[in-house]
Amino acid sequence: MTIKRWITILYFSFAITIVFCQRGSPAIGRVKNPSFDKTIASMLNFSVPVLSVQEAKSKSGVTYLDAREPQEYEVSRIPGALYIGAKEFDPKAVEALSKDQALVVYCSVGYRSEKIGTKLKALGFTNVYNLYGSIFEWANVGYPLVDAHNQPTKNLHTYNKKWSQWVDNKEIVKVW
């Protein structure tokens, strides 16, 4: 191969790299609030494919997995979500699930759920997604939440006051 050909290949490789780097995070623009979007994108390493709440809601046959602490799950959750936890995640919690079943893991914003999603992939699950913006964005767009008795609720455990800033739906009652 000639030097001219090598230079051409290197030039095009560099140009393609620049184009993809300029595109930014694979998730930017998936939540309503641009500041929240930047915060989430800076926290994730995108080791698990992300879905916006709208993409997840429109996907059929999805099982939602809640990767928060028990007290957060007790306040409210996505309807039908299974609790799997974060700190105390036990692989036995997902033994009954099919390895190719569509699993959407969520937490408050997506950080803990990405960590659990990575563990699920390591356990052999092949169709795992991280809910981008997680339950905060779910509440922000007005999708339903249920309480510990499976009744509709507007309450949402926002972890603490600092994190509660990312819930901007005025109908939501922030609990921490």
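Thr 126 lies in the loop between H5 and S5, where helices (H or I, at least four residues) and strands (E, at least two) are DSSP runs numbered from the N terminus. The model is a predicted one, in which local features need pLDDT of at least 70 and side-chain atom pairs count only at pLDDT 80 or more, while totals for chains, interfaces and linings use all residues. Residues are numbered from 1 along each chain as its sequence is written, and side-chain values use heavy atoms, with hydrogens and water left out.

Thr 126 has a relative accessible area of 62% and is exposed; the classes are buried (under 20% relative accessible area), exposed (over 50%) and partly exposed (in between), computed with a 1.4 Å probe on protein chains only. Its C-alpha atom is separated by 6.1 Å from that of Lys 99, 27 residues apart along the chain. With neighbours within four places in sequence left aside, Thr 126 is in contact (heavy atoms within 4.5 Å) with Lys 99 and Asp 100.

The buried residues of helix H2 (residues 34-43) are Phe 36, Asp 37, Ile 40 and Ala 41. These residues lie on the same side of H2 because they cover an arc of only 130° around the axis, the arc being that of the directions from the helix axis to the C-beta atoms. Lys 38 and Ser 42, on the other side of H2, are exposed. Helix H6 (134-140) is included in what covers the buried residues of H2. At the start of H2, a side-chain oxygen of Asn 33 comes to within 2.8 Å of the backbone nitrogen of Ser 35.

For charge, Lys and Arg count as positive and Asp and Glu as negative, whereas His and the chain ends are not counted. The side chain of Asp 37 is instead joined to that of Tyr 132 by a polar contact of 2.8 Å. A polar contact is a pair of N or O atoms within 3.5 Å; within protein, one must be able to donate a hydrogen and the other to accept it, and residues adjacent in sequence count only if both atoms are side-chain atoms.

Arg 77 is found in the loop between helix H4 (70-75) and strand S3 (82-83). Arg 77 is likewise buried without a salt bridge, and the nearest side chain of opposite charge, Glu 74, is 4.2 Å away. Its side chain reaches the backbone oxygen of Tyr 73 at 3.1 Å. Not counting residues up to four places away in sequence, Arg 77 touches Asp 66, Arg 68, Tyr 106, Ile 135, Leu 145, Val 146, Asp 147 and Ala 148.

The structure holds 5 salt bridges. One of them joins the side chains of Arg 68 and Asp 66 (2.8 Å, N to O). Arg 68 is buried, at a relative accessible area of 0%, and Asp 66 also counts as buried at 0% relative accessibility. Another salt bridge is formed by the side chains of Glu 72 and Arg 112 (2.9 Å, N to O). Glu 72 lies in helix H4 and Arg 112 in helix H5 (residues 111-122), so the pair ties together parts that are 40 residues apart in sequence. Both Glu 72 and Arg 112 are buried.

A salt bridge also connects the side chains of Lys 154 and Glu 171 (3.1 Å, N to O). This pair links distant parts of the chain, 17 residues apart: Lys 154 is in the loop between strand S7 (152-153) and strand S8 (155-157), and Glu 171 is in the loop between helix H7 (161-164) and strand S9 (173-175). Lys 154 is partly exposed, with a relative accessible area of 44%, whereas Glu 171 counts as exposed at 53%.

The largest nonpolar core has 30 residues, and those with the most contacts inside it are Tyr 64, Ile 78, Val 104, Leu 131, Phe 136 and Leu 156. Such a core is a set of buried Ala, Val, Leu, Ile, Met, Phe, Trp, Tyr and Cys residues joined through side-chain atoms within 4.5 Å. H6 gives the largest share of this core, 4 residues. A second, separate core of 13 residues includes Ala 67, Val 94, Leu 103 and Ile 116.

Notes
Salt bridge = Lys/Arg side-chain N within 4 Å of Asp/Glu carboxyl O.
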